[in-house]
Amino acid sequence: MKPKDTSEHYILSSSPHAHADASTSRIMLDVIIALLPALCCGVYFFGLRALFLTGTCIAACLVTEGLCRLAMKRNNTIGDFSAVVTGLLLALNLPPDLPVWMAALGGVFAMGVCKQLFGGLGYNPFNPALAARAFLLISFTGPMTTWTKSAWTLSAGNVEATTTATPLALIKKGAEGFDWSQAALIKDLFIGNVNGCIGEVSALALLIGAAYLLWRKVITWHIPVAFIGTVFLYAMFKGGVPPLVHVLSGGCVIGACFMATDYVTSPITANGKLIFGCGCGLITMLIRTAPTGAYPEGVSFSILIMNALTPLINRFTQPKPFGKVKK
Amino acid sequence: MKTVNSAFKFHGGVHPQYNKDLAASKPIEAMPLPQQLVISMSQHLGAPAKCLVKKGDAVVKGQLIGERNGFISVPVHAPVAGTVAAVEQRMGPAGGWADAVILDVAEDQSAAPAFLPPLDWKSASREDLLARVNDAGICGMGGAGFPSAVKLNPPPDKHCEYLILNGAECEPYLTSDYRTMLERADRIRAGVEIMRKILNGPAVRIAVEANKPDAIKALEKAFADIEGNVEIVVLPVLYPQGSEKHQIYATVKRIVPEGALPIAVGCVVENVGTVAAIADAVEKGIPLTERVTTVSGDGVVEPKNVLAPIGTRYADLVAFCGGEKDGVRKVISGGPMMGFNVPHLEIATTKTTSGLLFFTSAKVFQYTSNACINCGRCVRACPMQLNPAFICSAVESNDIAAAQKMDVMDCIECGACSFGCPAYRDITQNCRRAKASIRAAAAAAKAKAAAAAK
Amino acid sequence: MTAIITAILVIAGIGALAALALAIADKYLAVQEDPRIGLATAALPGANCGGCGFAGCADYARALVEGTAAPGACAPGGDAVNAELAKILGVAATATEKRVALVKCCGTRSEAIRVGDYNGICDCSAAAATAGGDKGCRFGCLGYGACANVCPKHAISITDGLAVVDKRLCIGCGKCVSVCPRKLIELVPASATIHVLCNNPVRGPEVTKVCGVGCIGCHLCEKNAGGKEANHFTFNGFLAKVNYENPPTDATLADKCPRKCIREDAHFETGN
């Protein structure tokens, strides 16, 4: 017979017995909050369809994640909001006129193939949203590079520009005689009054979000500064198009502040983050300015390439312990 | 004598909620003697003392009941007069079992105590003072319990340039050192002068965190007319400011090499409570048999700083503080960052018990671990500049060799990594596990080599 | 069409070249190895359990041939394999008895008390290092599965907070013995059927406070098994222990144990 048990048990755990008010879901929630300004701008410039597309992506991600966890007989991780973040980021990186089923497919691919196949949050080697975007870009190049519903009416009145191209496509084409340094263009780029993906157009909204993340200490300055700094310096030394245009165009800001800073797929140490950011910036500019390349924009590919290098960077940027003596 | 601000900031650290106001304003209060004491022979770091009494023996206050057993060991004395009810294995606060003397406290405490003869530190020789620190059973009262006599007797090729007094008390809730500095500053000063003599006149640095202005004032007053190179160093409020290696860096900007003791860089660090105990041991001949313990937390009726004999059961200690409230779910011996959970209150205080904390379910942090998201908070928080996330993953996949390569042995188990982990991972516990495993392997290899040599 | 043929030819050509290179390498770069190593490796069961103290079967085979190890260390293989090895090496075979792991505790969660709610890493050593473990009995099985995790044959399961070895699956490699922080797993002859499933040597009253099925050292089993002279049991403090040199076979011993810590398990064919 079991002896009589003493009243209620105390909890036994190993120190520390105190914890900061931090959790994975809170971090993800912060990222979602930080992305809201960019989403609002997207909806403002591209209409309600952008919102619908975003909702589709998020729903696709959530459903896929839930089903995958069920199939893998693992605990349900929908509550950590990481699927929402991935869906949101994916949507913000899609053209506003993409067919809805393609967006949904992107969400399924992001969660199913890029994340859960590797074991879920924390184990994916590549940023799921970016990998899904790359998947869509390669599979459906046409729809992924069509910007029909343009709200972009350049103050300078360039006829070609007002129709179907993004600033980066123009740069790639080498638009002769276009005045890249006019103040009105920079202002449009900064506000987001240009062609592009739903969430990447407004640098202002993105920077507000990034400031929030920095304030909440969700991200550190290393990757964004290294990324944007490298893009700026490269463009400066390359000459031609002003560096600021390169920084504000395309996915540079959203990539540097939201995609490259993804914890799981970026290095863990400060030095590693700097190397990572510089690498992203460099590869972005190489793709953008390569005279033979097909792609006008290189942010997603640069980040994916650097994701692949993350384990290597981690390996070579291990911190040196306090008091470590060389043997 | 002057007060300066610390100019050197070590990497990492965290800011837990300190909650010291619960007990900070409560003066040290001596508790009435309990009926029974449980005096462990393992009060300190190193080999447990050898028990000198047996069941039925009558002992008087201050009598030697456990003798030093090896180089890293300290003797144990009876805190009160009484009769030995038993000598048996008991669990200590850290979960280890050791021989303990169960002492029935005598009702009549009028018998003359068996204290050591008082010494005049000015005329006594260095060797006599050192022998006294040893005989009085003094060990570090901050937590680890390193024998003070060993600390104060550096090897001949090492010279102590700085004597650092650790008054940081960076653990949340604990206020025992704070109250000691406030109320016993004169004893600390006497201890400093004695230790200065033993260590051949090093410079003295008294390290106190900036959140204890009263204590700084009290120390300034007590040390106002002291001669020689003495400074109070005000440290910024940061956990783990009380860690030996980090305190040395924050006060004198020296870095203790891995695996070495502070004396390697000419420093000796001693907790303020220990310094006061040394003064009593020398000037009054009183062995270390009582200490101040902070009883606090939201699960205790009346938080207090209690002066209790060593061997007081936690149940008696909390009863003196009005008892525990309903719904206590966690009891911590020590501070919340590095203290030990205890399963019941039959466990007794030792020379290193700085606090006893009770937490109700509302305050208790219970968790389930999720996957590491590689956020790097632990890397930023680690004061030893390790990579806790990667070490934790290595240990979880049973790759102890990889953890060792990532210098897990340098880990001071401060808990800063686990504290901020958003995935609630058992990082500190995994580091501890790896260290235990590496130590066990090293001990096994040593035993094997010894057997082979035979 | 030409493109396809070109491609086929190119690929086939590369394949042929590679095959040629491999054939040459096999002939001229081959490392001469004692053929007995291959034979010994083949004779070993191939479980790679590590119970012999080497990294795997091939490593043990190499050590055998090099003379740095003796046959007889392969517990899973048993006598048949050891005889085979002895034949290959040309030495005399020594008979060993098949041994299996035994968890000397039967204090399940429904029988033995716990003194706390452990919250931490699910591992016995980690739990034992946290306030001495959450089990009331400090000698008993914690049930966090350190043994089950290292078992190469998945022979150990955790049922109701207690590790239980499936004798039929156990190969006697002894890995579980070394990881148990409570040191309560022992390798015992597979043929023995009566076991004392307790590891607590302290006095009876202490045991009954924490466990409903702990041995109190009453010596009844010894008396029922023919007294001290029969030598079926030995005692360590207040703990009975089966003398596996001379194990008892009387199944009624289990029923007669007042604490129900003597258990019988079925004898089965070990296959050797």
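**Exercise 1. Which residues of H4(A) and H5(A) meet, and how do the two helices pack?**

Step 1. Start on the side of helix H4 (residues 100–115) of chain A. Its residues in this contact are Met102(A), Gly106(A), Phe109(A), Ala110(A), Met111(A), Cys114(A) and Lys115(A). They meet Pro128(A), Ala129(A), Ala131(A), Ala132(A), Arg133(A), Phe135(A) and Leu136(A) in H5(A). Keep in mind that this is a predicted model.

Step 2. Sort these residues by class.

Step 3. Now look at the axes: they lie 8 Å apart, and the packing angle is about 130°. Angles over 145 degrees would count as roughly antiparallel, and 65 to 115 as roughly perpendicular. H4(A) and H5(A) are therefore oblique to each other.

Step 4. Finish with the handedness: H4(A) passes H5(A) in a right-handed crossing.

**Exercise 2. At what angle do H5(A) and H14(A) pack, and in which sense do they cross?**

Step 1. Find helix H14 (residues 299–316) of chain A. Its axis is 10 Å from that of H5(A), and the angle between the two is about 125°.

Step 2. Apply the ranges from the previous exercise. The pair H5(A) and H14(A) is therefore oblique.

Step 3. Check the handedness of this crossing: H5(A) passes H14(A) in a left-handed one.

Step 4. List the partners. From H5(A) come Leu130(A), Ala131(A), Arg133(A) and Ala134(A), and they meet Ser300(A), Phe301(A), Ile303(A) and Leu304(A) of H14(A). By class, this contact of H5(A) with H14(A) holds 6 nonpolar residues, 1 polar and 1 charged.

**Exercise 3. Into which domains is chain A divided, and which elements of domain 1 touch domain 2?**

Step 1. Count the contacts between the two domains of chain A. Domain 1 brings 35 residues and domain 2 brings 30.

Step 2. Find the elements on the side of domain 1. Those giving two or more residues are helix H1 (24–46), helix H2 (48–72), helix H3 (82–92) and helix H5 (128–139) of chain A. H1(A) has the largest share, with 14 residues.

Step 3. Classify this side of domain 1 of chain A: 27 residues are nonpolar, 6 are polar and 2 are charged.

**Exercise 4. How many residues of chain B are in contact with chain A, and which element gives the largest share?**

Step 1. Count both sides: 51 residues of chain B are in contact with 32 residues of chain A.

Step 2. Look for elements of chain B that supply at least two residues each. These are strand S16 (328–333), strand S17 (340–341), helix H13 (416–420) and helix H14 (427–453). The largest share, 4 residues, comes from S16(B).

Step 3. Sort the chain B side by class: you get 29 nonpolar, 14 polar and 8 charged residues.

**Exercise 5. In which sense do S1(A) and S2(C) pair?**

Step 1. Begin with the contact as a whole: 10 residues of chain A are in contact with 18 residues of chain C. The chain A side has 5 nonpolar, 3 polar and 2 charged residues.

Step 2. Zoom in on strand S1 (residues 10–13) of chain A and strand S2 (residues 116–119) of chain C. They pair in the parallel sense, over 4 bridges. Within the pair, Leu12(A) stands opposite Tyr118(C).

Step 3. Compare with strand S3 (residues 156–159) and strand S4 (residues 162–165) of chain C, which run antiparallel and are joined by 4 bridges. Ser157(C) has Val164(C) as its bridge partner. S3(C) and S4(C) form a hairpin with 2 residues between them.

**Exercise 6. Where do you find cis peptide bonds and positive phi values?**

Step 1. Spot the cis bonds. One joins Ser15(A) and Pro16(A), with omega about 0°, and Pro16(A) is in the loop between S1 and H1 of chain A. Another joins Tyr239(B) and Pro240(B), with omega about 5°.

Step 2. Spot the positive phi values. His219(C) has a phi of about 65° and lies in the loop between helix H8 (204–210) and helix H9 (220–224) of chain C. Asp160(C), in the turn of the hairpin, has a phi of about 50°.

Definitions and conventions: Residues numbered from 1 in each chain as written. Chains lettered and ligands numbered in written order. Predicted model: local features only at pLDDT ≥ 70, side-chain atom pairs only at ≥ 80, totals over all residues. Contact = placed C-beta atoms within 7 Å. Nonpolar A, V, L, I, M, F, W, Y, C, P; charged D, E, K, R; others polar. Axes fitted to C-alpha atoms, helices over the stretch in contact; angles between N-to-C directions. Parallel < 35°, antiparallel > 145°, perpendicular 65-115°, else oblique. Left-handed = near helix turned anticlockwise from the far one by under 90°. Pairing = 2+ DSSP bridges.
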